[in-house]
Amino acid sequence: MSRSDEATSAVTDSAVLRRAVAGAAVGNAVEWFDFAIYGFLATYIAAKFFPSEDENAALLSTFAVFAAAFFMRPLGGYFFGPLGDRIGRQKVLAVVILLMSGSTFAIGLLPSYQAIGVAAPLLLLLARCVQGFSAGGEYGGGACYLAEYAPDRRRGFIVSFLVWSVVVGFLLGSATVTGLEAALSEEAMNSYGWRIPFLMAGALGLVGLYIRLRLDDTPEFKKLRAAGEVAASPLKEAFITSWRQILQVAGLVVIHNVGFYIVFTYLPTYFTKTLGLTKMDAFISVTVASVVAIVLIPPLGALSDRVGRKPLLFTGALGFALFAYPLFLLLTSGTVVAAVAAHAGLAAVEAVFVSASLAAGAELFATRVRSSGYSIGYNTSVALFGGTAPYFATWLVARTGSDVSPSLYVVGAAIVTLITLFTMRETAGKPLPATVADRARALEGVR
């Protein structure tokens, strides 16, 4: 091949990689905008679907429905993960964004409890469960998609854009809700304004679907298919050959998810309901926290390509174990500036960990079962620990009377992840194994 041909090929490969990153990230941001607005509108949803004289009880019911969606995520992982290993990553990513946006749009159309009684919260629960089911195929599928497109020595940087896009989606959700609250009266927000972000999800979903339908499948999966090595029963094979890696992913992402949902979903409500601050204060704080994470995640992902995944993972998990309690003390110290600074500090610690965790998880598996194994491990963990985080944090404050009690949940999650990290090998910079035999040979080489 001539130098000009090599240059043309490099430009083409670079363009394809950028398109893959943009497609995965934009679609993921749309998905997590859909998922996030439920948390930002929790107080309105509590009033509409769980009327009660006890505001804490109504809010707990709202977060219980939030958590219920996460218990559907393992089912989504069990369904979409193996499907991605059989038919390809790109097709699954297109399907899940359609399901997520459709169910979110439906929430915006639901009648309230006053209109149809107990059927209202039941329909809300159904829509949230569809959201959770589709999300079960999004994160694992997206992480595998970008990991299989990325060059070995840039995988941390490339995959970090998936979690980066989650924060972008959360920030867009927060900005949309806050903009509506500023533009509309309290009466208008309670009447119809809270529905608008859910209805917007329909249009955003069509945009994301269009982008994902134009994507190609990953080079790794296409090579596997061309060689006739696609697993016939990837779910069964994943459990037989990769059960240890499934458990490692589940333990790895405990603090990933608890930290994320405390920082970006629970704290905006905590600011107003527990600390008694204004909604604008909460918006400013979550905006600052989101910007901190958005700025830090890509360069930290690139750093994990140079120094390894485990140094960043240990730093992030240890940071939560050591600083969650002091930062919650700062949150509750009584000033808005201190609360925002503490929120930004928690976001920075989260950014350190999540910048490397998705790539590290995807690198554990062979291509034959990567989507299955990753989706099962990740979604089981997020159902047990991540989705329940806002509920348990609210419950802890109500039960103990201590505003800093949610930090203990964060510390416990960090300890679980730290223990898991001691069982894992460094995977940065190494080729992705196509089969379980390839993975075994690579491990022998490490030994």
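Reply: A definition to begin with: a salt bridge here is a side-chain nitrogen of Lys or Arg within 4 Å of a carboxyl oxygen of Asp or Glu. Keep in mind that this is a predicted model.

Me: How many salt bridges are found in the whole structure?
Reply: The search finds 13 salt bridges. Side chains of opposite charge can pair when their charged atoms come close.

Me: What does Glu 363 form a salt bridge with?
Reply: Its partner is Arg 155, with the closest N and O atoms 3.2 Å apart. Glu 363 sits in the loop between H16 and helix H17 (370-386), and Arg 155 is in helix H8, so the pair ties together parts 208 residues apart in sequence.

Me: Are Glu 363 and Arg 155 buried or exposed?
Reply: Both Glu 363 and Arg 155 are buried.

Me: And which residue does Glu 181 pair with?
Reply: Glu 181 forms a salt bridge with Lys 279, the closest N and O atoms being 3.5 Å apart. That pair links distant parts of the chain, with Glu 181 in helix H8 and Lys 279 in helix H14, 98 residues apart. Lys 279 counts as partly exposed because its relative accessibility is 36%.

Me: What about Arg 368, which side chain does it meet in a salt bridge?
Reply: The side chain of Glu 229, at 3.4 Å from N to O.

Me: Which residues do salt bridges that share partners join into one network?
Reply: The network consists of Asp 152, Arg 155, Asp 305, Arg 309 and Glu 363.

Me: Arg 309 brings me to H15. Where is the kink in that helix?
Reply: At Phe 323, shortly before the proline Pro 326. The kink is about 50 degrees, and the helix covers residues 309-331.

Me: Which residues of H15 are buried?
Reply: Arg 309 and Lys 310 are among them, along with Leu 312, Leu 313, Gly 316, Ala 317, Gly 319 and Phe 320. The buried set also includes Ala 324, Leu 327, Phe 328 and Leu 331.

Me: What covers the buried residues of H15?
Reply: The cover includes helix H8 (155-183), helix H13 (243-273), helix H14 (279-307), helix H16 (336-362) and helix H19 (406-421).

Me: How many Å separate the C-alpha atoms of Ala 342 and Leu 17?
Reply: They are separated by 37 Å, and the two residues are 325 apart along the chain. Ala 106 and Ala 342 are 36 Å apart, C-alpha to C-alpha, at 236 residues apart in sequence. Ala 106 is in helix H5 (residues 89-107) and counts as partly exposed at 31% relative accessibility.

Me: Switching to Phe 385, what is it in contact with?
Reply: Leaving aside neighbours within four places in sequence, Phe 385 is in contact with Val 254, Val 258 and Tyr 409. Phe 385 and Val 254 are 131 residues apart in sequence and 6.3 Å apart in space, C-alpha to C-alpha. Phe 385 is in helix H17 and is partly exposed, with a relative accessible area of 31%.

Me: Which residues make the nonpolar surface patch?
Reply: Tyr 113, Val 118, Leu 122 and Leu 125 make a patch of about 360 Å². Tyr 113 is in helix H6 (residues 113-116), and at 35% relative accessibility Tyr 113 counts as partly exposed.

Me: Last one: how many disulfides does the count come to?
Reply: The count comes to 0 disulfides, going by cysteine sulfur atoms within 2.5 Å. As for individual cysteines, Cys 129 counts as buried at 17% relative accessibility, and Cys 144 is buried with a relative accessible area of 0%.

Note on methods:
Residues are numbered from 1 along each chain as its sequence is written. This is a predicted model: local features need pLDDT of at least 70, side-chain atom pairs count only at pLDDT 80 or more; totals for chains, interfaces and linings use all residues. Side-chain values use heavy atoms; hydrogens and water are left out. The bend at a residue is the angle between axes fitted to the seven residues ending there and the seven starting there. Helices (H or I, at least four residues) and strands (E, at least two) are DSSP runs, numbered from the N terminus. Buried means under 20% relative accessible area, exposed over 50%, partly exposed in between (1.4 Å probe, protein chains only). Contact means heavy atoms within 4.5 Å. Patches are made of residues with over 30% relative accessible area and no salt bridge: like charges are joined within 9 Å, nonpolar side chains (Val, Leu, Ile, Met, Phe, Trp, Tyr) within 5 Å. Accessible areas come from the Shrake-Rupley method with a 1.4 Å probe; for residues, only the protein chains shown count as cover.
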